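Dear colleague,

I am handing over the structure below, and after it I set out what was found. Please read the notes beside the coordinates.

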Amino acid sequence: MSLKTIKLNDREIACQEDDSVLDALLRDNIDIPNNCRKGVCQSCMIRSLDNAPPAASQKGLTDVLQHQNYFLACLCYPEQDMTISLNKPKDFFTETTVIDKKLLNSDMLLLTLKCSTPLDYYAGQFVNLKRHDGLQRSYSIANNHLLNPDSLTFHIRKLKDGLFSEWAYQELAVGDTLDISDPQGLCYYLPNQLDQNLMLIGTGSGLAPLLGIISEALHQGHRGDIHLFHGSREIEGLYLIEEMQQLTQQYQNFYYTPCLSSETLANGFAKGRAHDVAMSNIPSLKDWRIYLCGHPDMVHQAKRQAFLKGSAIQNIYADAFHVGTASVK
Ligand SMILES: Cc1cc2nc3c(=O)[nH]c(=O)nc-3n(C[C@H](O)[C@H](O)[C@H](O)COP(=O)(O)OP(=O)(O)OC[C@H]3O[C@@H](n4cnc5c(N)ncnc54)[C@H](O)[C@@H]3O)c2cc1C
Ligand code: FES
């Protein structure tokens, strides 16, 4: 493959061999949103105005978006010259208002947004939150639409020098508005097999989508066992411990194991990484449905372990929280 030219308005941008369109645009100082750079968050979605983009760059987009030649810049390695537009589809973002903001622990923000019209989403999906200057990041929805049709909750972990999370933690206030994208992601609950056992493993803010899934499953009258393993290095990294323990009292089929991988142990906590503890507790995962959310390494390792324990690949649902390290918008 040789050098390709990307036309954007009146500019011509060179795309080197092995460069994605995102690499080429960023190198040319074009201000384009991006986050995961792995085709997950969809924040880098742009549109081809001439040829159909390579099929691999449209992975996960709806049929309508594919038909309109939208594609993910981070997955697009052009096969020919392209003319592009950075405009998003009009209905991709909706305005919401911050109605509550509180801390779940010293680093974890619980943010509640109110939508002007109820959002149609599945428990476990994520949205991109967009600030007024265009900065956007992906966050998982932590509630379920059956109980709260017009409000959305998020667990946002404050990262040191993190552009969005520090701003949300320090500056975002009740009454402010934020734009949210349409819901995305395939790691969600469907009430189609109520007797199936569920295993949910999360690290850090990976509890957010799992909470949405658990809340919907219990609300739908899920009859199979539901096992939640939430892990962190230190106890300070866990949160909602009492709430989860109360849920085990309320529902006979709900089990909760908080896991700490550091040396210090407290009563009622399992020692080890959440996915190791989970796998050693359950002898076989044949016919189980598995949900994995949080750190990409955990998700990757747990997927493999679950498969080796007998789970079918199509029963493993995963969202790796890839955190960008050099993204500006
Ligand atoms: C599908 C999905 C779902 C997610 N769900 C959640 C969720 O529910 N809750 C949640 O908290 N997060 C979630 N994330 C992660 C989230 O999208 C953000 O990536 C995260 O909040 C960090 O964003 P930020 O703007 O605060 O940090 P960024 O500004 O993107 O920086 C990330 C880290 O990299 C460091 N960094 C930045 N630039 C550089 C550089 N040039 N050199 C070295 N280091 C650098 C920063 O200091 C920071 O620690 C999810 C991600 C995905 C893909
Ligand atoms: S999908 Fe391209 S940056 Fe996330």
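Domain 2 and domain 3 together bury about 1300 Å², with 62% of that area on carbon and sulfur atoms; buried area here is the accessible area (1.4 Å probe) that two parts lose on being put together, summed over both. Of the area that domain 2 buries against domain 3, Asn105, Leu146 and His155 supply 32%, more than any other three residues.

This is a predicted model, in which local features need pLDDT of at least 70 and side-chain atom pairs count only at pLDDT 80 or more, while totals for chains, interfaces and linings use all residues. Residues are numbered from 1 along each chain as its sequence is written, chains are lettered from A and ligands numbered from 1 in the order in which they are written, and side-chain values use heavy atoms, with hydrogens and water left out.

The domain assignment, whose bounds come from an automatic or database source, divides the chain into domain 1 (4–85), domain 2 (91–181) and domain 3 (198–320). The contact (heavy atoms within 4.5 Å) takes 16 residues from domain 2 and 18 residues from domain 3, and the C-alpha centres of these two domains lie 23 Å apart.

Across this interface the rule finds zero salt bridges, a salt bridge being a side-chain nitrogen of Lys or Arg within 4 Å of a carboxyl oxygen of Asp or Glu. On the side of domain 2 that touches domain 3, strand S6 (93–105) and strand S10 (151–157) are the elements that give two or more residues, strands being DSSP runs (E, at least two residues) numbered from the N terminus.

As for the sheets, six strands form an open, parallel sheet in the order S15-S14-S13-S12-S16-S17, where two strands pair if DSSP finds at least two bridges between them. Its edge strands, S15 (270–271) and S17 (316–320), each pair on one side only. Strand S12 (198–203) is joined to strand S16 (289–294) by five bridges, and Met199 stands opposite Ile290 in S16.

Terms used. Helix = DSSP H or I, 4+ residues; strand = E, 2+ residues; numbered from the N terminus.
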